[in-house]
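Biologist: Can you walk me through this one? I'd like to start with how strands pair up, then go on to the interface.
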Amino acid sequence: MTPLLSVKDIRKTYGSHIGCTDVSFDLYPGEVMGIVGESGSGKSTLLSCLAGHLEPDQGAVNFDTRDRGLIDTVQMSEPERRMLSRTDWAFVHQHARDGLRMGVSAGGNVGERLMAVGDRHYGDIRSKAVDWLERVEISETRVDDRPSTFSGGMQQRLQIARNLVTGPRLVFMDEPTGGLDVSVQARLLDLLRGLVRDMGLSAIIVTHDLAVVRLLADRLMVMKSGRVVETGLTDQVLDDPQHEYSQLLVSSVLQV
Amino acid sequence: MIELQNVSKTFTLHNQGSAVINVMSDVSLSIKAGECVALTGASGAGKSTLMRMIYGNYSTQAGKLLVNGVDVASAEPREVITLRRETLGYVSQFLRVVPRVPTLEVVCEPLLMIGQSRDTAEARAKELLTQLNIPERLWGLSPTTFSGGEQQRVNIARGFVHTYPAMLLDEPTASLDARNRAVVLSLIQEAKARGAAIVGIFHDEEARSAVCDREIDVTTFSPVAA
């Protein structure tokens, strides 16, 4: 089986400071991988390098494109990479306002991505947008409202709809439930789980919340000071961590 | 179906003075299709640990742990996940679910994961919930608010909804009343009859003698006793 994403030896430094280094892994279709670690461990830097938001100093991020097979996206031209991030890739930001256009209606936010890949029939775009709003549990009556009038949880769900409407194969998520209250978090997690299962998505989720990865991720990567210290099956890493830092991380979670 | 070859397990506690605990060493055993084996031994002897190792939940330091030909000790995460989806079921003592998800959905999920249609999954889930005496008015509610016994029965329904060829049962009859215990025992018998290999922990001796073909005392695996 060809991996969907094959990452080779990624390194990114900020001057003399290491952002992340020596990161290599393969992600297969339908797999969900979590990246955990404390603040400053390099997990967001790594995600930005993978998603093409930051240029790594070295290494390759090979993606299995539909027409040409495995291609190194770091070496791709900017227009090609943009096309990829509008079609086969999606990026869910921690703060919904970074991933949404706040001055455009909810329907417009979802429809914009469809127009970017060539849809032109307004009626179709609108009905697809409404369909997706319903899938993320936003009522049709809100389709013409701006996201600035939405609650935080609704904005996050709208961002997810906007990202998934074009049927991506790989979703990058940066703290998708951060900053939301727990009841909204549970709802969002349930929604994401269903979407991942039904659409056969692959995803890379960066979070510091171990409960989130336990529910969503098949496998886990633990980072510390820019390096990967442990990888493996999610429940194995959480229930029987081998590395000193992973043990500390797992044992530091407060019990409710 | 399930075969262990010279398996060893240690825990190293880095944050507690790097204490090393040898839990078991050089364990070899095998369980055939259609056989039900009980793990016995005092609390702390390593019954659950062994079971979790077979499930891939705990790492294994040495040896091979074959389930349907897949070595769980060395397989890639995606191989273990496929194995768990299709071949190896696990009923733990505690129900762990996403809050807010209705009971029927919780029980359907294993079938939906292997690509069965929603209709088939729901029909099978309803059949099991009825058999396990979960009243229909609770099916649309999240099991997180259920009583202990109800939660355990939901857990069992989820564990038996797919006909796994190999199953691990961690005290499936604890905290159940006589009527429900009988239902669970008959589910185990059915699974055996269709050829499932089962490893179980049963503190309830009556249940153990009713379904198990033989017992394995894990105390003998401990390197301290040897």
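Modeller: A term to begin with: two strands count as paired if DSSP finds at least two bridges between them. Bear in mind that this is a predicted model.

Biologist: OK. In β2(B), which residue is the bridge partner of B:Ile2?
Modeller: B:Ile31 is that partner. Strand β1 (residues 2-13) of chain B is joined to β2(B) by nine bridges, and the two run antiparallel.

Biologist: What order do the strands of that open sheet in chain B have?
Modeller: The order is β2-β1-β4-β5, four strands with antiparallel pairing. β2 (19-31) and β5 (70-71) of chain B each have a single partner strand, so one side of each has no neighbour in the sheet.

Biologist: Which strands does helix α1 of chain B lie across?
Modeller: Helix α1(B), residues 47-55, lies across β1, β2 and β4 (62-67) of chain B, at about 110° to β1(B).

Biologist: Switching to the interface. How many residues of each chain are in contact?
Modeller: 24 from chain A and 27 from chain B. Between them the chains bury about 2300 Å², 49% of it on carbon and sulfur atoms. On the chain A side, A:Arg197, A:Leu233 and A:Asp240 lose the most area to chain B, together 26% of what that side buries.

Biologist: And how many salt bridges between chain A and chain B?
Modeller: Seven. One of them pairs A:Asp240 with B:Lys9, with the closest N and O atoms 2.5 Å apart.

Biologist: Which element gives the largest share of chain A's side?
Modeller: α7(A), with five residues. By class, that side has six nonpolar, five polar and 13 charged residues.

Conventions. Residues numbered from 1 in each chain as written. Chains lettered and ligands numbered in written order. Predicted model: local features only at pLDDT ≥ 70, side-chain atom pairs only at ≥ 80, totals over all residues. Heavy atoms only, no water. Contact = heavy atoms within 4.5 Å. Buried area = accessible area lost by both parts, 1.4 Å probe. Salt bridge = Lys/Arg side-chain N within 4 Å of Asp/Glu carboxyl O. Nonpolar A, V, L, I, M, F, W, Y, C, P; charged D, E, K, R; others polar. Axes fitted to C-alpha atoms, helices over the stretch in contact; angles between N-to-C directions.
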